[in-house]
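Subject: Structure handover

Hello,

Here is the structure for you to look over. My notes on what turned up follow below it.

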Amino acid sequence: MKIKRLIIENFRVFNGIYNFDFSDKKMVLFCGPNGNGKTSIFDSIQWCLTGKIPRFYSSKERMLFNYLINEKANLASQLFMSVEIHFETSNKEIITISRSLSRYTENSALVHKIIINGMTWSSLKEGEEMIEKLISKTMVSKEENKETADVNISNFFSNTQILSQDSLQDFIHSNKPNERFRLLENVLGLKKFGVNFIEYLNTVKKLTKEELDKLESKRKPLEREYLDILTRLDEKENLLLRTGQLSEDTLLKNINVTSGELVALGIFQEPLHFTSLNEDVKDKLLNIINEVKSKLEILEIQDQTLKEIQISNISIQDIEKEISENKETFELKTKLNIKAIKLLDNIDTKISSMEVIKERGKDYNSEMEKVSSFEESIQQVESKINKLLSDQRIIQVLDEFHNQKNFTEFFENIEKKKIFYEIRIEKLDNESKVNELVKGFAVLEKDLLYNEAIIENKRHNVDKINTEIGTYSNDLNKYKDSTINQMIHDVQHFLVKEKRNKCSICGSHFSTSQELQDEIKKQWELSSVLMTDLERKLQELTTNKTLNQIEIEQISNSITSIKDSMKQLENEKNDLEFKIEKLFFSLDDESKKQIEEISEMNLESEYFQVSHFLNENKIIYELFNSLDSLKQEKALINQHLTLSQDFLNKLVSMSGSQAKFLISGAENKILRLSILRTKIYEKLSEINKEIATSQNVLKEKEKQLIVQNKNIDIIKKYNPQYIDEPKFRAELWESNLSVKKRLNNISRLIIKSLEEIESYFSIIPIFELRNKKEFLELSIKEIQQKINFQTKVIEGLEELKTQHSKIQSNLMSDYLINYSELIDHLFMQICPHALYRHVHLIPKNGDLFIVMKEKSAKDIRLSGLEINELKREFNASLNFSSAQSNVLALCIFLALNLSQDWSKLKLLGIDDPFQNLDDINVYSFIDVLNRIVLEEDKQVFISTHDENFANLMKLKMGIDDKELGYVNFISYSDQAVLLETNCE
């Protein structure tokens, strides 16, 4: 399978869609500066087929940051990123594999899809298994063979199909040779003998441990049961030794005697008569013990109750008498309490009423002060009014105009007339300015037309001069641009200075050197004169052109200045016209008409007369205004005075009979009531304390009465004839003490009888327990043997794991022998070492060391050496330069690619393998690639930052131009990657 087409959309540096056609391309070269997107081509192929890019997979940052989707495309709320590969098989069958990420809204999750041959796979896992099936040759799916279905397709692909820049030195200079070992173990298909075998051993160990845990879980309950049987057996055997063995008749006799005593004590109505020993006897004896215990508990309750009655030492009648007396005291104090509360409520009501009067008094006194202030203000205002009316100027005006109104109206009309005159004057002035601006604008407009005509003429002259310059330039170039004439000129110049007798060009001899020099000198002078005239004329035209261009620029500046001045005049004219309109904007039509009718002839004299009148009478007008203000102020004060008087009357009316306290006395009245309230409150507190004390005594006595009645009821429950007197209490106490003693003795006898019966019945269970003990001992021993076996199995597995690394190293060493010859051949061809020419890959205890020797791996086996012996060898990882390490890693990768048999892909990808071409034999490397392309029929993709290397590849590869593709990365920005390619 080879790649026929690669379509990339919004993947990493590629913003938008990029379609690469690799049809019939045996080799494709990617060339361009680092960071322009060459590596992204290889990343896209890897991601499409495996869903991973291994060089990022170990980084934790990939879980936090975007590294797949183009940054600009990722900013959009909707996005679509995809990579699509068209493969062509050897049978010309086309297989299309597409992988995409999409998002339909800004906050929605990314949708990951795989499409194979137009079919979208609902499950990523199933889609990836299908890709693996399509590109794999020797591997099978997990359902077909679980033993070989452990291949990591991403690792296989990155280690055998595409070699990245990072992988080169990482392989050689890795500080973890065990990772190098795991890598080759996976690629060589030895994982089932290595990691998988260890996993198998761990699985077997886990199952064995689980079986061991099951055996332990079986053993523990058996051991617990065994210990329990030992305990029970020991108890029964000790019981036999302690009690001795009594006969059945003796045991029955003792039980029946005890039963008769219980009848005598009234526990049972009739004696229990036992004729034989059985389990029923034991149950009945246990019941008897419970009955005895119950009787003892009842007697204990009676004794405790008798003690409480004795301690109280008071009769029920005395308690009831005390309760009656406390109730009478409580009722009397309660009545006094109610009376005191009512009196306090009455005093509080009076105090609240006086508080209201007190607050009203504040308002009343405040308002009285306002009334006094208003009356005083009225007198002051009347004084000012009288003073103004006595002013001679006002008296004179009133005589002339008869009243204030006539004067005021006349004065205001004159003021209005003055405003009209001012508007008329300003309008005429602005109109005059507008006319001046119009005249200036006309002059500028004329200058503009004149300058535009001049500049048009100058431009025509420049065009004419340009034509002449072109003509003279062509004539001059006929002499300067001719290579032959120039050479002749140089040779002639040389011969004139150097005294020679033959031509420097053809070597022919001349009769005399002077003849040649004279002839050449004539031609030289003629040519120089002709060239000088042309150049001088060309210089004059150029100077004339420059002068015209300077004049054009100056005139253009003048035109610009004229246009700016015209624009300024136009703006000033518009401003003045707007001011004229603004003067009349707020006036009515009648006012506008009056202003327009004002004559211009006597305008200034009339304006002066009006202004003079207003100036002469302005003070009188202001005095009249002051007089009006004082009259208004007096009216307003009178209104406030009336409101204050109404408010005072309202306060008096609201206070009623207590109105006398508005001015004073309310505070003293409140003080007297407060003192009386405090005395009553103190008396009420004493009454409440007495009530509380009476309540507590009453509750205590009632509680005492309840307890006493309860105790007597308890005694009477078991002794109905009981009388609560000291004599009867003492007799009952003695009787209960005697019965308890006898019951305790009977209880001990019954318990002893039970032990004797248990001993009698324990002979047979002892034999059963001994048999059970022997059975458990055998079972525990058998399980312990199995546990010991499983333990040895786990120890054996651990030993096998210890030996495995050595076995695995030997197995890998045998495999690597098959690759060593090809690696040696490639290394010696591309970059041979001066001394060590053969590569040895040595697996040792899970590590892989790279050693260089003079002899090949088939001639000398180093895998048998111990670690201490290997230390003396030439280690490539530690001693090679970076360039040599890169070449060695490249050779190992090429050997793996050429030898791998897991994939149907006929593909080899190498991403910028060399930073410096001086470190390798470039031609030998190109020969290697030629052989891979032609003999191995591989499709090779290779990138480089070195343009010379790319060009050399194009020249030296032994394939047709049509079979050689190239993609040149010109530049890169956030908008697009600029490419030059023949793969379109």
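How many aromatic pairs does the count come to? The answer is 15 aromatic pairs. Please keep in mind that this is a predicted model.

**Aromatic contacts**

F407 belongs to helix α13 (residues 404-480) and F624 to helix α17 (residues 603-655), so the pair ties together parts that are 217 residues apart in sequence. Are these two residues buried or exposed? Both F407 and F624 are buried. They also belong to one aromatic cluster, together with F401, F410, F411, F613 and Y621.

Two charges sit over rings. R99 lies over the face of W47, 5.8 Å from the ring centre. K954 places its charged end over the ring of Y966, at 4.3 Å from the centre.

**The chain as a whole**

The chain has 984 residues, and 37% of them are buried. Its secondary structure comes to 25 helices and 15 strands. Take the contacts between residues at least 6 apart in sequence: 74% of these join residues at least 24 apart.

**Helix packing**

Two packed helices are described by the angle between their axes and the distance between the axes. Here are two cases.

Start with α12 (residues 392-401) and α17. Their axes come within 10 Å and cross at roughly 95 degrees. The two helices are therefore roughly perpendicular to each other. On the α12 side, the contact is made by R393, I394, V397 and L398. On the α17 side, it is made by I619, I620, L623 and F624. The residues of this contact divide into seven nonpolar, no polar and one charged.

Now α23 (residues 882-899) and α24 (residues 922-934). Their axes come within 13 Å and cross at roughly 10 degrees. α23 and α24 are roughly parallel to each other, because angles under 35 degrees count as such. Which residues of α23 meet α24? They are L890, L894 and L898, and they meet F925, V928, R931 and I932. Here the contact divides into six nonpolar residues, no polar and one charged.

**Single residues**

S924 also lies in helix α24. It is buried, with a relative accessible area of 13%. Leaving aside neighbours within four places in sequence, S924 is in contact with Q829 and I830.

Helix α20 (residues 763-830) holds K773. This lysine is partly exposed, at a relative accessible area of 25%. Beyond its neighbours within four places in sequence, K773 is in contact with Y226, I229 and L230. K773 and L230 are 543 residues apart along the chain, yet their C-alpha atoms are separated by 7.4 Å.

M812 is in helix α20 as well. Its relative accessibility is 0%, so M812 counts as buried. The C-alpha atoms of M812 and F181 are separated by 9.2 Å. Along the chain, these two residues are 631 residues apart.

K333 sits in helix α11 (residues 316-389). Why does K333 count as buried? Its relative accessibility is 19%, and buried means under 20%. Not counting residues up to four places away in sequence, K333 touches I687, E690 and I691.

Last, a loop residue. F584 lies between α15 (513-583) and α16 (589-597). With 10% relative accessibility, F584 counts as buried. F584 and I423 are 161 residues apart in sequence, and 8.3 Å apart from C-alpha to C-alpha. I423 is also one of the contacts of F584, along with K427, K592, I595 and E596, leaving aside neighbours within four places in sequence.

Best wishes

Key: Residues numbered from 1 in each chain as written. Predicted model: local features only at pLDDT ≥ 70, side-chain atom pairs only at ≥ 80, totals over all residues. Heavy atoms only, no water. Phe/Tyr/Trp six-rings, centres within 6.5 Å; stacked < 30°, edge-to-face > 60°. Helix = DSSP H or I, 4+ residues; strand = E, 2+ residues; numbered from the N terminus. Buried < 20%, exposed > 50% of the residue type's maximum accessible area, 1.4 Å probe, protein only. Lys NZ or Arg CZ within 6 Å of the ring centre and 35° of its normal. Axes fitted to C-alpha atoms, helices over the stretch in contact; angles between N-to-C directions. Parallel < 35°, antiparallel > 145°, perpendicular 65-115°, else oblique. Contact = heavy atoms within 4.5 Å. Nonpolar A, V, L, I, M, F, W, Y, C, P; charged D, E, K, R; others polar.
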